[in-house]
2 protein chains.
Amino acid sequence: MDANLNTSKHISGKFNEELEAVRNKVLSMGGLVEQQLHNALMAIENSDQELAERVLSSDHRVNDFEVQIDEACIQIIAKRQPAASDLRLVIAIFRTIADLERIGDEAERIARVAKESFNKDQQQFLISLENLGSQVLAMLHKVLDAFARMDIEAALEVHQQDAQADRQYEALTRQLMTYMMEDPRGIPKVMDVLWSARSLERIGDRCQNIAEYIVFFAKGKDVRHVSPESMERTVKGSASNKPASD
Amino acid sequence: MDANLNTSKHISGKFNEELEAVRNKVLSMGGLVEQQLHNALMAIENSDQELAERVLSSDHRVNDFEVQIDEACIQIIAKRQPAASDLRLVIAIFRTIADLERIGDEAERIARVAKESFNKDQQQFLISLENLGSQVLAMLHKVLDAFARMDIEAALEVHQQDAQADRQYEALTRQLMTYMMEDPRGIPKVMDVLWSARSLERIGDRCQNIAEYIVFFAKGKDVRHVSPESMERTVKGSASNKPASD
């Protein structure tokens, strides 16, 4: 499963280094975004406004990563004229960092809610986010790990987990609507929690996207709009993880 | 302001043709997505479930466009090894179609709401979407037009209009929350309208993204995370629309 992304085949050692460097930056960016989401969820759980503030103030670092990695990818395309799996890697990186940046934005939205004050009664709304939060955080962790190793089996698992996150989100939405109907004065606060739930659901979708880019890289097939069955066939269709064409 | 995107400078007529073909496909995809949003809003306005159904059933055409254009871009990078403004055009296209596809998804979400039944009293909620809807539709139309001509002045205008759409969205959200507090039984219906409002707000954000890609193409500068003032300086910094480096 371990893939050195075929960089060893390049005649140019410099090209190898450039690809490795950009790949490492994606992993660092992923680590930072995962930390942001983790902190945003902890801030919600513990009403920790200072931690929430820390999430908000480090958003620019995520943006910087995106711009730097984008530039590095453009440089690689212009100078190295990558083909086949190298080009697919660059494109998978392009897409992955766009999703990572938006996951960072969603974490920021959640952190903003954590900065508000909720009274004792209202804390229950926040607690209802915990399950969905930890599930989505686990998806993000796993898909970043799958990206690091270009592990399509793990990517497929993340892809399939999103359905469960969606179901949990829907149950949570219904529960929060019930709260609103029972106590209309609490509506504005519950709405904040609902937006956070929506953010989490979207993060799950973006993890699913990243899983699709991993399969695109490894299999040379665009699986963004195919059925779950077709996705599974693409991943399992061959015993090897070797990219489709090199 | 009219730009033939410098395609005339290519020695290879075939390359010109390929770039033109892919650019035309983006414009067709944009036209389709604009139609989807228009129809979704009309379906809401007139409680036209048949029209809503039509939006839902043509979503696959948007996806097909995205996959085809992506493939064409990858082919161009692999075969033609574009540099400078050609490469920026391909990258701007990559990003634009990703946003267009998601605008299509949001239009689909709005169409789903239009398929539900609302009683006479609840119709007022739907009507409250109209202003924001027509504003966002106008932004989409304008940014697609700006893309067709790579008109950075028009792109800047769209970029600046988004703040107004955001304000309108916030006012609408407050209004809808008031409805919910006044009549808690109506909460599930109002929530549907709220999600549609959110979809419209997101479409505005995506129009803003596309405006940024236009500036990226024309000026060679990534303006995704810069201040509105810096964006304006980048656009107005030079009298000419000529790309920064060729």
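This note goes through aromatic pairs, charges over rings and the nonpolar core in a predicted model.

1. Over all chains, the count of aromatic pairs comes to 3. One of them joins W195(A) and W195(B), whose ring centres are 5.2 Å apart; because their planes stand at 80 degrees, and planes over 60 degrees apart count as edge-to-face, the pair is given that name.

2. The pair of W195(A) and W195(B) crosses between chains, running from helix α8 (residues 187–219) of chain A to helix α8 (residues 187–219) of chain B. Both W195(A) and W195(B) are buried.

3. Within chain B, F125(B) and Y179(B) form a tilted aromatic pair, with 4.9 Å from centre to centre and 50 degrees between the planes. Since F125(B) belongs to helix α5 (residues 123–127) and Y179(B) to helix α7 (residues 152–182), the pair ties together parts of chain B that are 54 residues apart in sequence. Both F125(B) and Y179(B) are buried.

4. Charged side chains also meet rings here. R198(B) lies over the face of W195(A), at 4.2 Å from the ring centre, while the charged end of R95(A) sits over the ring of F216(A), 5.3 Å from its centre.

5. The largest nonpolar core has 170 residues, and those with the most contacts inside it are L37(A), M191(A), L37(B) and M191(B). If neighbours within four places in sequence are left aside, M191(A) is in contact with M180(A) and also with M177(B), M180(B), M191(B) and L194(B). As general background, nonpolar side chains tend to be buried together in soluble globular proteins.

Definitions and conventions
Residues are numbered from 1 along each chain as its sequence is written. Chains are lettered from A and ligands numbered from 1 in the order in which they are written. This is a predicted model: local features need pLDDT of at least 70, side-chain atom pairs count only at pLDDT 80 or more; totals for chains, interfaces and linings use all residues. Side-chain values use heavy atoms; hydrogens and water are left out. Rings of Phe, Tyr and Trp (its six-membered ring) pair if their centres lie within 6.5 Å; planes under 30 degrees apart count as stacked, over 60 as edge-to-face and the rest as tilted. Helices (H or I, at least four residues) and strands (E, at least two) are DSSP runs, numbered from the N terminus. Buried means under 20% relative accessible area, exposed over 50%, partly exposed in between (1.4 Å probe, protein chains only). A charge sits over a ring if NZ of Lys or CZ of Arg is within 6 Å of the ring centre and within 35 degrees of the ring normal. A nonpolar core is a set of buried Ala, Val, Leu, Ile, Met, Phe, Trp, Tyr and Cys residues joined through side-chain atoms within 4.5 Å. Contact means heavy atoms within 4.5 Å.
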